[in-house]
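Let's take a walk through this one, starting at a single side chain and then moving out to the strands. Keep the viewer open as you read.

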Amino acid sequence: MTQQIPSTEPELSGVRNFRDVGGLPTVDGRRVRHGVLFRSGHLAHATDEDAAFLGSLGLHTIFDFRNASDQRLEGPDVELPGVRNVNLPLSDPADGSEFWKMVRDGEMEQLREILGDGKGAARMIASYRTIIKERTAEHSQVLRSLADDSVPALMHCAAGKDRAGLSIAVTLLALGVEREAIVTDYLESNAKHRRYKVRRSSSSASAYSPR
């Protein structure tokens with residue numbers, strides 16, 4: 001009997017950047033199973049229909065890599081019956097808070113000053129190195145949980161690109177997935193339909209909104 005595998009591109013209206021990473025090739029010729037590991041942006045704005053779809057995946061654990069500042073801005077994840085929520089921040093609340101305030105307030109001149117002339121790329125490289133080199137305990141916890149009993153699992157941060165992308169990459173490396181396939185999956189987050197819009201308003205209650 002053929003197993004019914006949920007679509008990797010569902011029509012979710014309140015959640016962006018969702019996908020099943022199943023199917024990626026490993027270096028020994030196998031493939032990651034579908035329906036075991038998912039990734040997305042935050043679930044704070046999930047609609048009832050979104051929640052029903054997520055509930056149909058049979059999830060055991062949701063790993064939320066947002067910090068306290070992110071959660072204050074965006075709100076908590078929707079509660080899915082029977083699913084364990086694990087908040088495991090991969091960045092400190094102060095990291096980037098001033099930057100995102102400038103984005104929401106539309107401070108374009110200040111943004112050009114701190115991001116221009118390659119400084120934006122350097123900022124991201126430094127951030128990624130910190131998450132990989134200084135958050136080893138968190139990555140180890142995720143891998144141990146997945147190896148024990150925490151699948152199917154969904155990993156997300158705010159937009160589902162950076163912190164979730166790195167944790168997914170670490171997990172896929174541990175599974176022996178080809179590096180080129182890992183990079184290709186990471187770059188999928190650049191697709192226009194996967195992006196969140198940032199509300200440029202100092203009075204906005206949320207930083208990332210799918211609407």
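Start with T61, whose side chain makes a polar contact of 3.2 Å with the side chain of R84. A second polar contact, at 2.6 Å, links the side chains of T61 and H60. (A polar contact here is a pair of N or O atoms within 3.5 Å; within protein, one must be able to donate a hydrogen and the other to accept it, and residues adjacent in sequence count only if both atoms are side-chain atoms.)

Bear in mind that this is a predicted model, where local features need pLDDT of at least 70 and side-chain atom pairs count only at pLDDT 80 or more, while totals for chains, interfaces and linings use all residues. Residues are numbered from 1 along each chain as its sequence is written, and side-chain values use heavy atoms, with hydrogens and water left out.

T61 sits in strand β3 (residues 61-64); strands are DSSP runs of E, at least two residues, numbered from the N terminus. T61 counts as buried because its relative accessibility is 0%, buried being under 20% relative accessible area with a 1.4 Å probe, protein chains only. Leaving out residues up to four places away in sequence, T61 touches V83, R84, V86, S150, P152, A153 and L154, where contact means heavy atoms within 4.5 Å.

Now over to β2 (residues 37-40), which is covered on both faces: L37 and R39 are buried on one side, F38 and S40 on the other. β2 pairs with β5 (residues 153-156) in the parallel sense over four bridges; pairing takes at least two DSSP bridges between two strands. Within that pairing, S40 has H156 as its bridge partner. β1 (residues 19-20) pairs with β2 too, antiparallel and over two bridges, with D20 partnered by F38.

Notes: Buried < 20%, exposed > 50% of the residue type's maximum accessible area, 1.4 Å probe, protein only.
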